[in-house]
Amino acid sequence: MRFLSSMNKFSNKHLFYSFIVIFIFVIAAGVGAGLRIFDKDEPKLFNARVISRLYFQVVASIHATSQNLEEFKKSPSSEALESAFLRADAILGHTMAYRSEIYSLAEYDTESFLKYLSEVDRSFNTARQKIEALLFKVESNVGYSYVASDLNKIDEVLIILERLNNLTLKLESESWLLSANVFGDAAGSFEFNRIVFLTSLIGLFICLTGFLIMLILKSRSDEELKEKNVELLNNYRLANLGEFAANVAHEINNPLTVLLWSVKRIEKVNNSDGEMKNLAMIRGQAERIDQIIKGIKLLSQNSNHLNNSPIDIEELFEHLREIIIHKCVANNIVLNIEGSCSGSKVWGKEVQLLQVFTNFIVNSIDAMEGMNNKKISIKYKTNLEDQLLIHIIDTGRGIDLKDQKKLFAYMYTSKPGTGMGIGLALSSQIIESLNGHIKYLNNEKNTTFEIMLPLYR
């Protein structure tokens, strides 16, 4: 018992640790997929978005610079020139940021992109320097009057800006191509990680389902083990009890035989009516004791050493009557056994079948304790399906619905303090081993059990 218990504890621990290992593995796979997204793909997507935004800002700054210079040509003023310079200076900052973001995507082919960007930088630096030189001249001379050469420089800058517009078209093409590559890789990565994540979820679900199934099977195994232990313990107890009962019966039987023999001898030499009456009473009680002893001997046999054999049905119920009649009389119970199966037989061990019937009758006696008009009826018959049907009926209080579902469960009893909860469970096991069944008929007026056994052919 202790060995089985320790093995049981080890199995529970092993099951728990196995689940933890699988659970951690599945979670790690899911987390790894998530980290791959955030650690690798997210920065690239951010860089691609920044590059697209910077491109539009460069284009907008070129356009704004061109507008400021056109306004300067119409109405030359230091304010318009300064505004154009600030916009040009902003373009320079955008291109520097542009280049930095491109370098962060070095794993892609950015050579042509950087080439166009370098041309933009050179052209824009030239335009910016021209605007800066003119602005310096204007700010250095208070009341400066613009001359034709100043306007010519502005025209040169406008030509450069126009050329920059053509370059930005090529830059736009390279920008979209680079973004398409980044987003394409990210989409593939997201698809891969989505599959990993879904696989992890499915794995986690399978893990949890498997754990629950193993837990249920383990619980059932524990219950079966407990039932087997109870059965072994009960068989051991019954074997000891049977051996003790057989010894007691044997010890009682010896002086009883001498008593009966002595009574018969006295009857032969004594003709007194009064004494003959007393002797008859003594002989009757002694014969009653003899019948009880025979029943004890029959039930105390160890059925494990017996083989199944054909059992005459009529003799079976006659033996049952001999065994149980005295207990019924002692409890003021009317016992009625009726049926007709002349020549029919069942297959099994007579001792075990008598134990089954005795279990039911003893339960009926207990159920009718303290009642009036107590009666137990045992009715048996055969049907067209070559089966023996036995109905055991008593006039007791019936069985509660909550108890009906657990009637044949080990260690369950409706008689706390007196019942052990093994009689009906063992009876059901014995009958099922003979391809029969036991049912409680809850639609009958009185407490009724049906036992079915196949006939021996």
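User: What does Leu353 touch, leaving out residues up to four places away in sequence?
Analyst: Leu353 has contacts with Ile311, Leu316, Val346, Ile431, Leu434 and Leu453. Keep in mind that this is a predicted model.

User: OK. Which residues have the most contacts inside the largest nonpolar core?
Analyst: Leu353 is one of them, along with Phe317, Phe357, Ile378, Ile390 and Ile451. That core has 38 residues.

User: And which elements give two or more residues to this core?
Analyst: On the helix side, H6 (313–330), H7 (350–367) and H9. The strands are S2 (334–339), S4 (375–382), S5 (387–394), S6 (437–440) and S7 (447–454). Another core lies apart from it, with 24 residues, including Phe124, Leu134, Val157 and Leu161.

User: Back to H9. Which of its residues are buried?
Analyst: H9 covers residues 423–433, and the buried ones are Leu424, Ala425, Leu426, Ser427, Ser428, Ile430 and Ile431. Just after H9, Asn435 has a positive phi of about 65°.

User: Now the whole chain: how many helices and strands, and what share of residues is buried?
Analyst: Nine helices and seven strands, with 37% of the 457 residues buried. The accessible surface is about 27,400 Å², 58% of it from carbon and sulfur atoms.

Technical notes: Residues are numbered from 1 along each chain as its sequence is written. This is a predicted model: local features need pLDDT of at least 70, side-chain atom pairs count only at pLDDT 80 or more; totals for chains, interfaces and linings use all residues. Side-chain values use heavy atoms; hydrogens and water are left out. Helices (H or I, at least four residues) and strands (E, at least two) are DSSP runs, numbered from the N terminus. Buried means under 20% relative accessible area, exposed over 50%, partly exposed in between (1.4 Å probe, protein chains only). Accessible areas come from the Shrake-Rupley method with a 1.4 Å probe; for residues, only the protein chains shown count as cover. A nonpolar core is a set of buried Ala, Val, Leu, Ile, Met, Phe, Trp, Tyr and Cys residues joined through side-chain atoms within 4.5 Å. Contact means heavy atoms within 4.5 Å.
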